[in-house]
Structures are given as C-alpha cells and as structure tokens.
Amino acid sequence: MTRVTINGEGYDFPQGTILVDAIKSIGLEVPTFCHDERLRSTSSCRICVVDVINGKGLVTSCSTEVAEGMEIETDNERVYASRRELLDLLFSNHPDDCLTCNKSGECKLQDYCYQYDIIDGSYREGEVKNYPIDDSNPFYTYDGSKCILCGNCVRTCADLQGTSAIGMQDRGFYSKVVAPFDLGIEQSTCVSCGNCVAVCPTGALMPKTRQKFRLWEVERTKTTCPYCAVGCQLNLLTKDGKVVGSEPYYRSEPNDGLLCVKGRFAYNFINHPDRLHSPLIKRNGVFEEASWDEALDYVAERLTAIKAEHGADAIGGFSCARATNEDNYVFQKFMRTAVGTNNVDHCARV
C-alpha cells in the first residue's frame, strides 16, 4: 500500500493506482475528457490536472501513479486556473450552438464550462475550425468542428473494437479525426458499431437514429440485447412510454460498454406499427387475435392430438438465436421430455 495525502487527509492505496482512480475512490470528482478505464492513458486533454504540492506541480491525474508521501490538492487556485484556461481555449474554437445541439445536457464540455464559469471564449477572434459535417455513414454523423481531439473514438475503434477505421491526421491546430485519406467514414472499414459515438464527450459524433429529447426527459432501463445469444447489456431510453434511444451499459459482462450496429441502432422495430401485440390463431384460413391463455391451450391441444395420432416424431421444434441460452435450454428440454422427440433444431446451427 502507498500512503498519500489528498486535500490534507491521509489515504492508503495499492501501489500502481493512478491518481484519478484514487481521487474518485474517496468521493471526489476530477473532470475528464479522454480518460476511459478500459483504454490506455494518453493524457491528451489535460483537463484532469491536480497539484502535487511537494514535487512535480501540476500533473495529469489519468497517467500519474500514486507515490509514497505524495501530497495532492485537487482544486486549488493553480488547478482551477489551468482547467479554466483549457476550457476557454476549447470553447473559443467550438460552435456556440448549445441551445440547439442534441448533445445538450450530456455534453462534458458544456457541463465543465458551466462549472468553471466559461460564458464565451476569449480567443474567438483567432482562426476557428469550420469543417463540413460527414454524414456518409447511415447511422451517425461526424462534425469535426465540435471535436475536441480527446482521441476516445480513435482508441476505442482500434483497441476495443479492433477495426481501426479512423485516426488522427495532421498536427497541432490542424489535427482532426478522419478515415484513411480523408475520404469519409463511408469509404473506411467502419462496421457502424457506434462505439465511437458512445465515448464522444461532445456533439461531434451523434446518432442519426436518435429522437429529439433532453437527458432529463428520458428514463434508462437496463436490458439485454435481443439480436443474438451473446447477451450484451444495454440501456433503452424511453420518453413518454416510447423507446427513443439505445446506449451501452458499462462495467457489465459480457460487453462492458461495447455494442454492435444492431444493439446500438436497430431499436426502432420496437415502435413499428406492424408489430404483433397479441397471439394469432388461424381460424377458417384467417388469423385472428387471441389471448395468451387461448393460444397456449390451443398449442397444447394440437401437440397432444398430433402425438396421439402420429407419434412424437411427427413433431419438430425450431428455436431462435435471439432467445437466451436459458430459454433455448428449456425449449429443447420440453421437446425431448414433454413431447418425447429429438427433432429439435436451432437457426444458428451450421
């Protein structure tokens, strides 16, 4: 264990703990743009600085490990001034459209500017980036003018998704996130998983499928993605009883904040007017709505009659990969023990 002092109080942390995790573990907040516990630290945004008053001075807490005897202040005048100046520089080169931006209410840049009293950028008379919006991807848009170059999207795409569809181009003021040769997202190896969208702290990457809502208007419900049997965890966002969005659920197996294109964007089927709302039973060649009790009784009667007349092997069962492993297990168990046949198959079998 390593003994450090944070804001005048002594604490013990395991050797190798980085400062941002140590500080957050005792209930204090450190602003971050580029930090993601699933990714290697790059210290690219510099907003997480803290003051090591008995040594190095201002350091990035996302890449500095605790050291024996370290004395840290997380929010003194030097720390405040450094963070505020950084936010001033970022906001001076950022579109001033917070009132209409769909990210409003969940934008870290907006939140921190409010916290550090940044009303308007002090450097707007200088050169300002003005990139065209890349909307070539069918599921999301990229607005380079709103990008703060935290690099989360690039690292997530390369290190977590393993696609490397985007990267950084140029240096200094002219740095920007692009697909290879700056030909647009559509011409890259992007698989439209949307994991870059999920980690973007501003409105630079936004889903096209998103309905209009503010963060405080929606309820989040943790659920399991229905598209395959992996069991990825996600949050469905609902407003006025209607699903209006989907987002990954972090720190949860098996996906830990990652989704595929279906889990991230293909939720609109929930609200489709053609979805069935009740079981159907075909009577006289026409499907008619029925209650669940009617439908289950009908299935039981027909299975019993067919088995009695033709034997159990006249019946076959077909299960679905979208069901959970537990449901598929129960289904095959029902076919083998209750019905008495091994005629059971699965849509994912090859």
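I take a charge to sit over a ring if NZ of Lys or CZ of Arg is within 6 Å of the ring centre and within 35 degrees of the ring normal. By that rule I looked up K129, which lies over the face of F173 at 5.4 Å from the ring centre, and R124, which lies over the face of F91 at 4.8 Å from the ring centre.

I note that this is a predicted model, in which local features need pLDDT of at least 70 and side-chain atom pairs count only at pLDDT 80 or more, while totals for chains, interfaces and linings use all residues. Residues are numbered from 1 along each chain as its sequence is written, and side-chain values use heavy atoms, with hydrogens and water left out.

**Sheets**

For what follows, helices (H or I, at least four residues) and strands (E, at least two) are DSSP runs numbered from the N terminus, and two strands pair if DSSP finds at least two bridges between them.

I found an open sheet of five strands with mixed pairing, in the order β2-β1-β5-β3-β4. Its edge strands, each pairing on one side only, are β2 (9–13) and β4 (57–60). From one strand to the next the twist averages 40°, where axes are lines fitted to C-alpha atoms, for helices over the stretch in contact, and angles run from 0 to 180 degrees between N-to-C directions. Within this sheet I followed β3 (residues 49–52) and β5 (residues 71–73), which pair in the antiparallel sense over two bridges, and D51 has E73 in β5 as its bridge partner. Helix α2 (residues 77–92) packs on the sheet and touches β3, β4 and β5, with its direction at about 155° to that of β3; contact here means heavy atoms within 4.5 Å.

I then turned to an open sheet of three strands, β10-β11-β12, whose pairing is antiparallel. Here β10 (219–224) and β12 (242–248) are the edge strands, and the twist averages 35° from one strand to the next. Six bridges join β10 to β11 (residues 233–239), and E219 stands opposite T238 in β11.

I also looked up the hairpin of β13 and β14, which has two residues between its strands and, in the turn, N284 with a positive phi of about 55°. Its strands, β13 (residues 280–283) and β14 (residues 286–289), are antiparallel over four bridges, and R283 has V286 in β14 as its bridge partner.

**Aromatic pairs**

Rings of Phe, Tyr and Trp (its six-membered ring) pair if their centres lie within 6.5 Å; planes under 30 degrees apart count as stacked, over 60 as edge-to-face and the rest as tilted. The whole structure holds six such pairs. F139 and F265 are stacked, because their ring centres are 5.2 Å apart and their planes are at 20°. This pair links F139, in the loop between α3 (108–115) and β6 (140–142), with F265 in helix α6 (residues 261–265), 126 residues apart.

Buried means under 20% relative accessible area, exposed over 50%, and partly exposed in between (1.4 Å probe, protein chains only). F139 is partly exposed at 27%, whereas F265 is buried at 4%.

Which cysteine sulfur is nearest to that of C196? A disulfide is a pair of cysteine sulfur atoms within 2.5 Å, and the count comes to zero. The nearest to C196 is the sulfur of C193, 6.1 Å away, and C196 is buried at 9% relative accessibility. For C225, the closest cysteine sulfur is in C260 at 5.7 Å, too far for a bond, and C225 is buried at 11%.
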